[in-house]
Amino acid sequence: MTVKQKLVFRFPPTLVEQPFIYRLVKDFNLMVNILRADISPEKEGRLMLELSGADPDYRSAIEWLKEQGLRIFNLKQQIIWKEDRCTHCGACSVICPTGALGLNRPGMTVCFDESKCIVCELCLKACPARAMETLLENAK
Ligand code: SF4
Ligand code: SF4
């Protein structure tokens, strides 16, 4: 059986310079499609990617990565609005391309309509309060 899964890798500064992608391709015969990378020396690295390949290879690779000290999450195509953190500054409503985030008038409070969200993640970077998050679950 073939697996195709979007994942988020988080790894500590000590592992940032390790050639994980190379090992996934070479040792586990997986195809790797990097969707987003946020990696700086001496900081926690964050890598969003899609892995595809044979199921046993995929499972072995996940086990190996965890043994190396990476935290790995399945990426679900869903954005969460943490309303309790939101200061209603409105920054996200300006940048959201679909109107999923908008302003209620006349109170000028922000509202989130998940059905309009295309998971572009622009709001994650725009939000100073970190009130927008991608839904993650531990990879198995
Ligand atoms: S992920 Fe994109 S579409 Fe969804 S709420 Fe954020 S900015 Fe809007
Ligand atoms: S950018 Fe963040 S804090 Fe500001 S309104 Fe949007 S979710 Fe709330």
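How do the residues of the shell around ligand 1 divide into nonpolar, polar and charged? In this predicted model, the shell comprises 11 nonpolar residues, 1 polar residue and 1 charged residue, where Ala, Val, Leu, Ile, Met, Phe, Trp, Tyr, Cys and Pro count as nonpolar, Asp, Glu, Lys and Arg as charged, and the others, Gly among them, as polar. Of the 13 residues around ligand 1, those that come nearest are Cys96, Cys117, Cys120, Glu121 and Cys123; a residue is near if one of its heavy atoms lies within 4 Å of the molecule.

An open sheet is formed by 5 strands in the order S2-S3-S1-S4-S7, with antiparallel pairing (strands are DSSP runs of E, at least two residues, and helices runs of H or I, at least four, numbered from the N terminus; pairing requires at least two DSSP bridges). Strands S2 (31-38) and S7 (132-138) stand at the edges with a single partner strand each, so one side of each is left without a neighbour in the sheet. Neighbouring strands are turned by 40° against each other on average, direction ignored. Helix H1 (residues 20-28) packs on the sheet and touches S1, S2 and strand S3 (45-54), contact meaning heavy atoms within 4.5 Å. The direction of H1 makes about 170° with that of S2; axes are lines fitted to C-alpha atoms, for helices over the stretch in contact, and angles run from 0 to 180 degrees between N-to-C directions.

S2 and S3 are joined by 7 bridges, and Ala37 stands opposite Leu47 in S3. These two strands form a hairpin with 6 residues between them, and Glu42 in the turn has a positive phi of about 70°. Strand S1 (residues 2-11) pairs with strand S4 (residues 71-81) over 4 bridges, Phe73 in S4 being the bridge partner of Val8.

Residues are numbered from 1 along each chain as its sequence is written, chains are lettered from A and ligands numbered from 1 in the order in which they are written. Local features need pLDDT of at least 70 and side-chain atom pairs count only at pLDDT 80 or more, whereas totals for chains, interfaces and linings use all residues; side-chain values use heavy atoms, with hydrogens and water left out.
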